[in-house]
Amino acid sequence: MDEIKEQTGREQGNGAGGNGHHPPSGIGVKRVTHEPKKLGVGWTLRGLMEVMRGLFTTGKHFVRPRVTIYWPYQPAPLKDRFRGLHRLERYEEGPYRGMEKCIGCSLCAAICPADVITVVASDNDPENPKSPGERYAKVYDMDMLRCIFCGLCVEACPTEAIVMKHDFALADYTRHFSQHSVDKFIYHKEDLIDREYYW
Amino acid sequence: MTLDLTSLYQTGRPYINMLVILAAIMGVAPMLVWIERKYLAYYQQRVGPLYVGKFGILQSFADGIKLLTKEELIPKNADRLTYLVAPAISMTAAFIGFAVIPITEAFYITDVNVAVLLWLAMSSLGAYGVILAGWSSGSKYPFLGCLRSCSQMISYELSLGTSILVPVLFAGTLSFKGIALWWKESPLVAQGNWIYLIPLVIGFFVFLVSGFAETNRIPFDLPEAENELVAGYHTEYASMKFAMFFLGEYVAISAIAAIAVTAFLGAFNSPFIGFAFAKQFSLEAVWGIWGRYLGQLFWFLVKWFALFWFFIWIRATLPRFRFDQLQRFGWYGLLPVSLVNLIIAALIVYSQASAGMAK
Ligand code: SF4
Ligand code: SF4
């Protein structure tokens, strides 16, 4: 018994814990004893005061303005860095204007913890390159049912090709009849590149 | 033989009142659910139900329709008869409480001379609904819930019964109408004898707390503690049978609030009854006897709603008790307090009576 006591180490003190009637439930677990508290007038009044304080606090919140946002009738106030649905970008100015930023390096696919992204790269046609690099993404699929919106793909991308916009209400009643595929929640490159965004 | 309209009305009045009060409760209970949800939301700075009807006012009717159209499920292990009867017991017992509550001087179903006893008996019967429901479901969580509710109701009924004896002792009657009428002539109002207030205030506190426990309201809602017992005793209930429990619960809350108003908050009398100006401005001065009834109805509803609001406020504020705390609070806390309170009340009655006799 003493050995065990030493092991648990926390049962000394008032001796209420280590009375030897029960084996200790685990190493380092402090046993709680339910001894009746004193029930005096002071104790009662203090309890009542605490209840009053609680009532006062909730009462304060009752008269405060409501914080509910009437989405979707009201725009949801999102922060700039909100991580919503992805979008593949193009160069909008400079020597590569109009080209896709994505160079098919698969770094986003490599870092994605949920295994969302599939990239199949292909060599650029030197006459008519799709991206400024050697290669471009021939296939760029995202299985949005798996995405956890962690934003790691955005951080990993060397050319800032994939970015996250503010669209967030992606649920739907059906998986079918998407514009480019049979499954609505698998976004293909066509769905992602130059995607229109609303928020 | 001529038809005696007056006596016919006298005979028929309880039945008419019964129908009116029953319809009123049936109509008001869904509104109470709505009010509770709305106010709970306000206490958390939300807006609550919003879309069904104006301000979501029809929300509980929508919920009712949803429950009505749900599948009736009876678990395979259930004791069929008991399982089916339990919600009815629960609801009926809750409704019967209203039979003895005088809403105004003339508007009540019946005035029996053992009204307090009848109501206490009925509220104990309500416990049977819960216990039978939990037992007959043939499942573990409801069973645990019903065991909890069983011990909880037994513990708190004592202080509930003891605390309501204070106004009974003062008024010298067990009828709620008698208690309600006593308020007007009570030494508290008629002579401004404040000493009567002490046991009444303590009794009100004890009654309210026991009332929370009796109706399984939030600091004492262990029979249906969601995070431990799924939904407690009505876990296995679906559809309309669940709705009956739900309705019965709210009717029981209304009944407790109405009885607290009658016994401790001056019943249907105006709170300004002791002041001289109240006579001048009362509706009675304008419209005679009907004005008086109207005023009484108004004050009863105001007090009753204030108390119901307080129930919601408490629900928005306090967390749930642990079970041993609950039992300790009931047996070590409320019961001795209410017993001592009863003795104080008896001493007051005795001393005032002997003082009156000495004069
Ligand atoms: S946000 Fe995270 S989970 Fe989603 S695609 Fe990017 S890396 Fe994968
Ligand atoms: S999106 Fe960025 S990281 Fe992903 S393949 Fe394209 S360039 Fe590489």
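Predicted model: local features only at pLDDT ≥ 70, side-chain atom pairs only at ≥ 80, totals over all residues.
Residues are numbered from 1 along each chain as its sequence is written, chains are lettered from A and ligands numbered from 1 in the order in which they are written, and side-chain values use heavy atoms, without hydrogens and water.

The secondary structure of chain B consists of 13 helices and 0 strands, where helices (H or I, at least four residues) and strands (E, at least two) are DSSP runs numbered from the N terminus. Along the sequence, the pattern reads α-α-α-α-α-α-α-α-α-α-α-α-α. The radius of gyration of chain B is 22 Å, close to the 21 Å given by the globule rule for 359 residues, so chain B is as compact as a globular protein of that length. This radius is taken over C-alpha atoms, and the rule is 2.2 Å times the number of residues to the power 0.38. Along the principal axes, the C-alpha atoms of chain B fill a box of roughly 70 × 55 × 50 Å.

Of the 359 residues of chain B, 49% are buried; buried denotes under 20% relative accessible area, exposed over 50%, and partly exposed the range in between (1.4 Å probe, protein chains only). The accessible surface of chain B amounts to about 17200 Å², and 71% of it belongs to carbon and sulfur atoms. Among contacts in chain B with a separation of 6 or more, 80% involve residues 24 or more positions apart, contact meaning heavy atoms within 4.5 Å.

Two domains are assigned in chain B, domain 1 (1-69) and domain 2 (76-358), with bounds from an automatic or database domain assignment. The centres of domain 1 and domain 2 of chain B, taken over C-alpha atoms, are separated by 19 Å. At their contact, 20 residues of domain 1 of chain B meet 25 residues of domain 2 of chain B.

Individual residues of chain B were then examined. Ile89(B), in helix 3 (residues 80-96) of chain B, is partly exposed, with a relative accessible area of 21%. Not counting residues up to four places away in sequence, Ile89(B) touches Leu125(B), Tyr128(B), Gly129(B) and Leu132(B). Gly129(B) is 40 residues from Ile89(B) in sequence but 5.1 Å away in space, C-alpha to C-alpha. Ser239(B) lies in helix 10 (residues 239-264) of chain B and is buried, with a relative accessible area of 2%; although not a glycine, Ser239(B) has a positive phi of about 55°. Tyr350(B), located in helix 13 (residues 323-358) of chain B, is exposed, with a relative accessible area of 62%. Tyr350(B) and Gly172(B) are 178 residues apart in sequence and 12 Å apart in space, C-alpha to C-alpha.

In chain A, the peptide bond from Trp71(A) to Pro72(A) is cis, with omega near 5°, and Pro72(A) occupies the loop between helix 2 (41-63) and strand 1 (86-88) of chain A. Asp115(A), in the loop between helix 3 (107-111) and strand 2 (117-123) of chain A, has a positive phi of about 60° without being a glycine.

Key:
Areas by Shrake-Rupley, 256 points an atom, 1.4 Å probe, with all protein chains shown as cover.
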